[in-house]
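Student: I am new to this structure and would like to go through the terms used for it one by one. Could we set each term beside its definition?

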Amino acid sequence: MPVQNAEVAAMFDQAAELLEIKGDNPFRVRAYRRAARTIERLPRSVSSLVKAGEDLSELPGIGEDLAGKITAIVGSGKFDLLEQLKRQLPGELGEIATLPGLGPKRVKLLYDKLGVRSLDDLRRAVKSGRLRELRGFGVKTEQNISAALAKPQTAKRYKLPVAEAEAEALVAHLQGAKGVERVVVAGSYRRRRDTVGDLDILVTARAGADPGDRLAAYDNVASVLAHGPARTTVVLRSGIQVDLRAVPEASYGAALMYFTGSKAHNVALRGLANARGWKLNEYGLFDGRERIAGRTEEEVYKKLGLAVVPPELREDRGEVALAKAGRLPELVSLADIRGDLHVHTDWSDGTAPLAEMAAAAKARGYGYIAITDHSRRVTVAHGLDPGRLSRQIDQIDRLNAKLEDFTVLKGVEVDILADGSLDLPDSILSRLDLVVAAVHSKFDLSRMAQTERIIRALDNRNVSILAHPTGRLIEEREPYAVDLEKIFAAAQQRGCYLELNSDPDRLDLADINVQAAKAAGAKVAISTDAHSVAGFANIRFGIDQARRGWLEAADVINTRPLAKLKQLLKR
DNA sequence: GCCGTTTTCGGCCCGACTGTTTTCAGTCG
């Protein structure tokens, strides 16, 4: 099994942690962290890049040295530097440094002075009361560490609908405060990541208003972690952390940029400001003491010589250079979508009748939908056998005869069986306008077997779209092992398309996979997999991820009018 | 360790808050 990007990134992160504890050059530490982020979010696997002889030092934050190290890791599965560091320092020190309130300096001090090599050692040190003897440690710090040790450090992330519900209630609460002007949710929420770790909320307020007090007084606050004049941090009962930042109106744009991130994007922008002898912070862009921009994001980007970067692209993955050249992609948007190509009805496990789903889609301004109920193997979903599917085809024909300016396409979500064959015969599949094929079983096949299984399904000339290609359920089920690069290439060669499933529990393909599909020349269908009328609204989540994957309208097949779409579906 | 409208060497983002200290280091985002 080739080395996965996540493994290389983890090795670099661990090395960075240990280097930092050792007191190594902080910029070297940062270089390893930056490289880890680059690798982690890379649309292609480093293993395949190495195999293809690509120049890794072209990647942002990766130079000659790290390119060589990555190549060595891909070859041996081992990272020599990390092994070496672990011989010098206990590997678990890195873990200790992830406890809130404990960083590299303190971990080093604990190790040097008290011989703390593990979390258990740390527990014993706290119990014995030796902690507070150390310089810089006091009773309060001891309590905080003790509390951190008591609860498991799970970096939980929240799905977007959950985050949205929390955020909207909180925004309403903050807007009710006297003197508060703007309230906006920034952070990864604004960048529309598929999950959100915390809520970053920016407010502008008139002098004298204290939005931090207002936040601390919110009903759903479980604890206040920090509360100063400019920043307040709380944890809500749900466990989600909220960081509130208050700035004057004149700093709104700069603060919004700062708080939207990503951190790496900000660092890149601040570097650009530096290069011109300016300084960029959350209060504005400064030439000496003079603020030369800051009221709006547009103003700051423009002054830096950049086009405004859409929040979804702010990940330091090449967008800054393109913004400088004025060549940012024209990202696909909700208004581009003309139809939905994965829709269920009460013929299988949907809740609404066919005509109702069609009417709802038409009311959304769509020109078409494809009805794609489950096939027979999915018995729990009352999947269709050839006889029922045939009757549904007839019903759709009758419905289409009555509809104006709207077309219901005949389709099915056919199961891909364990051997890659399909759950319905070609005789019925060939009567459909499109076939969505999906894996709903045997998630535990080997990577090679799963890949071959899916490609065999794509070999069937009736198949149009591969639904939720990795099978992941966010925070619930990992993607199954599969070689997506091979799948994308196979789809592209066969005239098949990849689904970006908009269900916020799935968002499958994920953003970076979408980008990889595009790189492979494959096009995408952004579909909702709606099981009810309300389900159509999920399209916006799919659009978010498509934008994060750098897709333009031309990369998405359901931005086409019906006639063009039909041409694309021929193979 | 990376990188170049400031550079192939010498820089590398910037500020808030806490807890400790008695002026600031460490951590965090």
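What follows is a conversation about the terms and the values behind them.

Tutor: Before we start, note that this is a predicted model, in which local features need pLDDT of at least 70 and side-chain atom pairs count only at pLDDT 80 or more, while totals for chains, interfaces and linings use all residues. Residues are numbered from 1 along each chain as its sequence is written, chains are lettered from A and ligands numbered from 1 in the order in which they are written, and side-chain values use heavy atoms, with hydrogens and water left out.

Student: Why is arginine 191 called buried?

Tutor: Buried means under 20% relative accessible area, exposed means over 50% and partly exposed lies in between, with a 1.4 Å probe and protein chains only. Arginine 191 has 8% relative accessibility, and therefore counts as buried.

Student: What makes histidine 382 partly exposed?

Tutor: Its relative accessible area is 46%, so histidine 382 is partly exposed. Histidine 382 is placed in the loop between β12 (368–371) and α18 (386–402), where helices (H or I, at least four residues) and strands (E, at least two) are DSSP runs numbered from the N terminus. Its phi is near 60 degrees, a positive value in a residue other than glycine. Glutamate 475, also not a glycine, has a positive phi of about 65 degrees, and lies in the loop between β15 (465–466) and α21 (484–494).

Student: What joins the side chains of arginine 191 and glutamate 315?

Tutor: They are joined by a polar contact of 2.9 Å. A polar contact is a pair of N or O atoms within 3.5 Å; within protein, one must be able to donate a hydrogen and the other to accept it, and residues adjacent in sequence count only if both atoms are side-chain atoms. Arginine 191 itself is found in the loop between α11 (187–190) and β3 (195–196).

Student: Which residues is arginine 191 in contact with, leaving aside its neighbours within four places in sequence?

Tutor: Contact means heavy atoms within 4.5 Å, and the residues in contact with arginine 191 include Thr260, Gly261, Ser262, Glu315 and Arg548. Two of these names return in another setting, as the peptide bond from glycine 261 to serine 262 is cis, with omega near -5 degrees. Serine 262 has its place in the loop between α13 and α14. Another cis peptide bond runs from aspartate 508 to leucine 509, with omega near 10 degrees, and leucine 509 is in the loop between β16 (497–501) and α22 (511–519).

Student: How many residues are around DNA strand B, and which come nearest?

Tutor: A residue is near a strand if one of its heavy atoms lies within 4 Å of it. There are 49 residues around DNA strand B, of which Arg30, Gly103, Gly138, Arg270 and Ala275 come nearest. Of the atoms of DNA strand B that come within 4 Å of the protein, sugar and phosphate account for 75%.

Student: What is the volume of the largest cavity, and which residues line it?

Tutor: On a 1 Å grid over the protein atoms alone, a cavity is a set of points where a 1.4 Å probe fits but cannot get out, and lining residues have an atom within 4 Å of a point. A volume is the space filled by probe spheres set on the points, with grid points joined across faces, edges and corners. The largest cavity has a volume of about 50 Å³, and among the residues that line it are Met257, Tyr258, Arg270 and Asn281. α13 (252–260), α14 and β8 each supply at least two residues of this lining.

Key: 1 Å grid on protein atoms, 1.4 Å probe; cavity = no way out; pocket = protein on both sides within 12 Å on 5 of 7 lines; lining within 4 Å.
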